[in-house]
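Here are some friendly notes to read alongside the structure. Please keep the viewer open as you go through the points.

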Amino acid sequence: MITLPPFLDMRDERFADLVHPMGQLEQIATGFTWTEGPVWIGDHGCLLFSDIPSQRVMRWSARDGVSVFREGSQFNNGNTRDPQGRLVGCRHGARDVVRTEIDGSLTVLANSYEGKRLNSPNDVVVSSDGAVWFTDPTYGILSNFEGFRAEREQSANHVFRLDPVSGELRAVVSDFVQPNGLVFSPDETRLYIAESGSSHDDSVPPVIRQFDVDGARLIDRGVFATLDCGLPDGMRVDTQGNLWSSAGDGVHCFTPDGTLLGKILVPETVANLCFGGADGHRLFITATTSVYCTYVDTKGAEPWTRSRLG
Ligand code: MG
């Protein structure tokens with residue numbers, strides 16, 4: 001049986017094929033307050049990530065290290081890219097989902113539903129047809145730590161889909177306590193959504209739910225996995241369909257049928273992660289005050305994480 005370094009907690013031998021016995025967990029950036037929203041920009045060879053309370057989006061590259069990408073980010077949280085490569089982010093402060101155009105200008109994609117302000121969009125994915133799917137929990141309006149304290153105007157904490165043709169915003173799921181990270185399976189037939197309601201209510205199970213994607217609708221297929229430590233926040237899927245979820249003790253890796261293969265143990269609470277690096281074989285992990293990185297033997301399912309341009 002293969003021996004893995006102590007930070008890799010193997011629960012199934014298939015995990016050994018996804019990681020490296022020589023791998024290390026590197027801390028590549030630290031000194032932040034609450035890191036989130038990592039996204040790999042392969043064409044520029046850099047990682048962007050949010051430090052939510054300081055209202056900054058940061059940039060890291062192997063060549064240049066850490067720099068500020070954007071000040072005054074309106075408590076920007078989750079980030080992704082659309083099929084055109086444009087950055088799409090969730091802003092707690094402005095309570096919107098915003099797209100950064102190629103010229104650097106910002107376009108607000110969504111900030112209200114049924115005439116009322118969104119809560120505080122948290123995380124976002126864009127399907128290959130250009131539809132923008134995002135979660136809208138209340139974390140950004142509960143206090144002034146990662147947003148501006150305010151009363152909720154929405155009747156529920158919805159998951160939304162913004163139609164790429166009509167521009168219609170529609171609630172596709174409304175029974176989460178706090179919907180958080182979300183990610184598609186590689187073929188986009190399934191959407192996984194994290195329930196992080198246990199952050200403020202112990203009675204809410206820390207589950208990842210799964211939904212079949214039927215055009216613009218979601219069909220509830222129940223619980224995909226229940227975390228055994230902490231709660232699920234950001235998630236990513238690799239090219240084989242394995243799901244990598246943030247958790248209290250690190251990153252948990254599940255097969256497409258929900259079997260826990262193993263964990264990457266991280267010394268700080270993990271909020272999110274993404275694949276990237278010059279050949280797509282690195283996993284970047286935003287964890288409280290730091291960003292960590294390790295080499296893995298798989299790649300992210302999103303096409304830009306496999307770019308060799310970086
Ligand atoms: Mg989140």
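1. A residue is called buried under 20% relative accessible area, exposed over 50%, and partly exposed in between. With that in hand, take Ser174: its relative accessibility is 37%, so Ser174 counts as partly exposed. Please bear in mind that this is a predicted model.

2. Where does Ser174 sit? You will find Ser174 in the loop that links strand S16 (169-173) to strand S17 (179-184). Setting aside neighbours within four places in sequence, Ser174 is in contact with Ala156 and His158. His158 is 16 residues away along the chain, and the two C-alpha atoms are 4.5 Å apart. The side chains of Ser174 and His158 also make a polar contact, at 2.7 Å.

3. Next, the metal site. Four residues coordinate the magnesium ion: Glu36 (OE), Asn122 (OD1), Asn180 (OD1) and Asp233 (OD), at 2.2 to 2.7 Å. Along the chain, the spacing of these donors reads E-x85-N-x57-N-x52-D. Glu36 belongs to strand S3 (residues 35-41), while Asp233 lies in the loop between strand S20 (217-226) and S21, so this pair ties together parts that are 197 residues apart in sequence. Glu36 and Asp233 are both buried.

4. Strand S14 (residues 132-135) deserves a look from both faces. Val132 and Phe134 on one side, and Trp133 and Thr135 on the other, are all buried, and both faces of S14 are covered.

5. What does S14 pair with? Strand S13 (residues 124-126) runs antiparallel to S14, with 3 bridges, and Val124 has Phe134 as its bridge partner. S13 and S14 form a hairpin with 5 residues between them, where Gly130 in the turn shows a positive phi of about 95°.

Definitions and conventions. Residues are numbered from 1 along each chain as its sequence is written. This is a predicted model: local features need pLDDT of at least 70, side-chain atom pairs count only at pLDDT 80 or more; totals for chains, interfaces and linings use all residues. Side-chain values use heavy atoms; hydrogens and water are left out. Helices (H or I, at least four residues) and strands (E, at least two) are DSSP runs, numbered from the N terminus. Buried means under 20% relative accessible area, exposed over 50%, partly exposed in between (1.4 Å probe, protein chains only). Contact means heavy atoms within 4.5 Å. A polar contact is a pair of N or O atoms within 3.5 Å; within protein, one must be able to donate a hydrogen and the other to accept it, and residues adjacent in sequence count only if both atoms are side-chain atoms. Donors are N, O and S atoms within 2.8 Å of the metal (3.2 Å for Na, K and Ca); water is not among the atoms, so sites may look incomplete. Two strands pair if DSSP finds at least two bridges between them.
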